[in-house]
Amino acid sequence: MKSYLTKYRCIECGKEFDPNELHYLCDECGRDYLPGMPLKGVLEAVFNYEEIGRKWKQNPDPLLFSAVNSKFYPPLPVGNTPFFRVNIPGLKSGGTASNYTKLWIKFDGLNPSGSYKDRASQLVVADALQKGIKEIVTASTGNAACSLACLGASAGLKVVIFAPQNAPPAKLIQIQVHNAELHKIDGSYDDAFKAALEYTKTHNCMCRNTGYHPLTIDGKKSAGIEIYVQNGYKVPDWIVIPVGDGVILTGIYKAFLDLKKAGITEKMPHLLCVQAESSDAITSYWETGIYHDAENPITIADSIKVKTPALAHWSVKALKETDGKCIRVSDKEIQEAQLELAKETGVFSEPSSSATLAGLKKVVNHSWLKDAKDIVLLITGHGLKDPGAVKL
Ligand SMILES: *Cc1c(COP(=O)(O)O)cnc(C)c1O
Ligand SMILES: [Zn+2]
């Protein structure tokens, strides 16, 4: 399927860039970006929405919204993950929304490397193949690295990873089994982010750092389009999302914005952002209107453990525009929800994704959830990626 991508546009100043060239941040707004702060001058992918809307009427194929021609996709398939209705008795007891609400799971832990990250990696790998670039580098807390290693192997590209030393052991093995070059950083994810940017400057490669390469955001959009189709061409009322850097949140927001721009839908879903208690920079930014780092993020949910979220600004905008909400959850609540999901639905999710159920349980009595008919839990990673976090 051909791509209807027409340009990249800076979300701050509106300056436009040619997507046939390699661009990361806006050359003006991104100039004073320094690692250790949320990204500045992030680029959004802009499409020929009129044409997509026309084609959609003939054949509603989510690939119409892809930023890269699908002939460049790596051979290993990504996405089209299951979407199904679940019943969680623990949610029913006393919840105002419970009796007439349908609860759905979008199980993205069933992607080839076991996480949602495959959606972004697929598109970035395709972009590299299209541009003739043979090497990709990324910083990661774990899953983005596993994912890039996996899809890079599928496409025959060299993959270089910067990951914190303390990433879950299964993830470090997963990176190496695909033959990626692993640099363990004696520091945090934010230090790894910095190291990957340095590497990009001195090597002839593409950088997949999340939010930094515009197609990481657009890649994370595809699950939103799938949810709309799998929900019977209906926009759900709420989508519950585990949030670290805010790229999945922004991607889901952009999916429904793109559907709207193409004239396919009118409604936007409300987004519920779930963060670990100590890794709550986006939540406190949304609450106070003032950005500051999460001072000392410590949580078993490693995939959402972020001090400085890359897409802090765009995430808060998405939450405001969808009339969304934020909620913090503790590790104990995450571990309980993990077992509950596994027991009641058969879905074994990693701690970050289990946070969605933990978050929903905390807000189920709120009046703003009263009229919700469809609620979707976005299960972003498979539990087998980090069995050590389970508390039986
Ligand atoms: C990366 C990741 C997240 C968080 O996504 P962000 O874009 O960083 O907010 C959530 N769950 C899993 C499994 C992930 O790998
Ligand atoms: Zn700009």
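**Exercise 1. Find which side chain makes a polar contact with the side chain of Arg119, and say whether Arg119 is buried or exposed.**

Step 1. The partner is Asp108, whose side chain makes a polar contact with that of Arg119 at 2.6 Å. A polar contact is a pair of N or O atoms within 3.5 Å; within protein, one must be able to donate a hydrogen and the other to accept it, and residues adjacent in sequence count only if both atoms are side-chain atoms.

Step 2. This is a predicted model, where local features need pLDDT of at least 70 and side-chain atom pairs pLDDT 80 or more, while totals for chains, interfaces and linings use all residues. Residues are numbered from 1 along each chain as its sequence is written, chains are lettered from A and ligands numbered from 1 in the order written, and side-chain values use heavy atoms, without hydrogens and water.

Step 3. Arg119 is buried, because its relative accessible area is 2% (buried means under 20%, exposed over 50%, partly exposed in between; 1.4 Å probe, protein chains only).

**Exercise 2. Name residues in contact with Arg119 beyond its neighbours within four places in sequence.**

Step 1. Take contact as heavy atoms within 4.5 Å.

Step 2. Among the residues found are Val78, Lys106, Asp108, Ser222 and Glu226.

**Exercise 3. Which residues have the most contacts inside the largest nonpolar core?**

Step 1. Such a core joins buried Ala, Val, Leu, Ile, Met, Phe, Trp, Tyr and Cys residues through side-chain atoms within 4.5 Å.

Step 2. Of its 101 residues, Leu39, Phe162, Ile241, Ile252 and Phe256 have the most contacts inside it.

Step 3. A second, separate core has 30 residues, including Trp238 and Leu360.
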